[in-house]
Amino acid sequence: MTSDDGVPAPGHGYRKGPVLLRRGQIPTTTTDQRLLAAPRDGANWLHEDPWRVMRIQSELVEGFGALAEVGPAVSVFGSARVTMDHPEYALAERVGRGLAKAGFAVITGGGPGVMEAANKGANQAGGLSVGLGIELPFEQGMNQWVDLGVNFRYFFARKMMFVKYAQGFIVLPGGFGTLDELFEALTLVQTHKVTEFPIVLVGTAYWGGLLDWLAGPVSAREMIGNIDLDLLTLVDDPDEAVAHVVEREAQLRAEVDAATAAAKLAAAQQAAARVADGE
């Protein structure tokens with residue numbers, strides 16, 4: 001069995017909420033598979049899916065409660081396959097350390113590889129190290145450097161937490177899971193579903209081809225606008241990645257504060273004008 005990042009995860013059992021299952025008790029499907037499966041038993045889904053909604057609600061409430069006081073944070077993504085002796089492990093560790101020193105909590109998927117390295121860097125620098133795990137057929141568990149861990153049954157609930165509590169994303173080389181998180185973040189910012197936040201890619205050699213493709217055929221066919229490419233920043237130095245997130249987040253926060261102040265001033269002026277007109 002493998003994790004959501006394609007990494008072998010033999011583990012020690014299957015976590016189903018507070019319940020631990022082993023051997024013959026382990027189900028053959030995940031909660032997400034059962035939720036997304038096409039109905040095959042007539043109208044049985046009418047009786048099952050409403051209860052799933054209650055479970056989803058509970059998972060969101062638990063996530064909100066656990067993470068509400070995390071404070072400023074940055075989500076860090078990257079491959080679970082990276083080993084401790086890999087250069088990208090050291091890069092991720094520096095990213096986590098730099099973010100912690102800058103006053104940010106570090107949020108990862110809580111697993112091995114880049115996630116573990118970023119959590120380790122944050123932990124050893126005295127920052128808050130957060131892991132958002134996901135239910136797997138065989139338990140993968142949180143890496144040892146996570147201070148605050150939350151396990152989710154549903155991928156979409158977990159993804160919401162990555163975005164809701166982060167002021168930026170730093171993305172190191174990774175596979176499908178990393179790409180999924182990257183493009184989901186880009187889509188949310190591009191479509192203004194979230195307030196803009198910085199998205200930094202670390203590794204020119206790895207990400208350069210993707211950016212060339214976006215700037216080339218994708219942009220040439222007008223599938224995206226030129227301004228959309230500005231949503232991404234590419235660096236090689238982890239310290240530069242941290243500095244960009246810190247500076248851009250401060251800039252965006254200042255812009256939001258200025259817009260809010262302008263709106264309040266305009267409202268006050270309109271109210272004063274109505275009073276002057278005798279309304």
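This is a predicted model: local features need pLDDT of at least 70, side-chain atom pairs count only at pLDDT 80 or more; totals for chains, interfaces and linings use all residues.
**Entry 1: strands 8 and 9**

In which sense do strand 8 and strand 9 pair, and over how many bridges? I looked this up before anything else. Strand 8 (residues 199-202) and strand 9 (residues 232-235) pair in the parallel sense, over four bridges. For pairing I use the rule that DSSP must find at least two bridges between the two strands.

Residues are numbered from 1 along each chain as its sequence is written, and side-chain values use heavy atoms, with hydrogens and water left out.

Back to the strands. I found Val 235 in strand 9 as the bridge partner of Val 202. Right-handed means that, with the strands pointing away from the viewer, the path from the first strand over the helix to the second runs clockwise.

**Entry 2: the other neighbour of strand 8**

Next I turned to strand 7 (residues 169-171), which runs parallel to strand 8 and is joined to it by three bridges. Ile 170 stands opposite Val 200 of strand 8. Strand 7, helix 6 (residues 176-190) and strand 8 make a right-handed β-α-β unit.

Which way do the side chains of strand 8 point? Ile 199 and Leu 201 point one way, Val 200 and Val 202 the other, and all are buried. My cut-offs for burial are under 20% relative accessible area for buried, over 50% for exposed and partly exposed in between, with a 1.4 Å probe and protein chains only.

- His 192, in the loop between helix 6 and strand 8, has a positive phi of about 60° although it is not a glycine. His 192 is exposed because its relative accessible area is 68%.
- Glu 222, in the loop between helix 7 and strand 9, is also not a glycine, and its phi is positive, near 60°. Glu 222 counts as exposed because its relative accessibility is 69%.

**Entry 3: rings**

How many aromatic pairs does a search of the whole structure find? I got five. Rings of Phe, Tyr and Trp (its six-membered ring) pair if their centres lie within 6.5 Å; planes under 30 degrees apart count as stacked, over 60 as edge-to-face and the rest as tilted.

One of the pairs is Phe 77 with Phe 162, edge-to-face at 4.9 Å centre to centre and 70° between the planes. This pair links distant parts of the chain, since Phe 77 is in strand 3 (residues 73-77) and Phe 162 in helix 5 (residues 155-164), 85 residues apart. Both Phe 77 and Phe 162 are buried. Tyr 154 and Phe 156 form a tilted pair, at 5.5 Å centre to centre and 35° between the planes. Tyr 154 counts as buried because its relative accessibility is 0%, whereas Phe 156 is partly exposed at 40%. I also noted a cluster in which ring pairs link Phe 77, Phe 162, Phe 169 and Phe 197.

Lys 164 lies over the face of Phe 64, at 5.4 Å from the ring centre, and over the face of Tyr 165, at 5.5 Å. The test asks for NZ of Lys or CZ of Arg within 6 Å of the ring centre and within 35 degrees of the ring normal.

Leaving out residues up to four places away in sequence, Glu 249 touches Phe 104, Gln 167, Pro 198 and His 244; contact means heavy atoms within 4.5 Å.

Val 70 sits in the loop between helix 2 (45-67) and strand 3. Val 70 is buried, with a relative accessible area of 12%.

**Entry 4: the whole chain**

Last, I wrote down the totals. The protein chain has eight helices and nine strands, and buried residues make up 42% of its 279 residues.

Methods
Helices (H or I, at least four residues) and strands (E, at least two) are DSSP runs, numbered from the N terminus.
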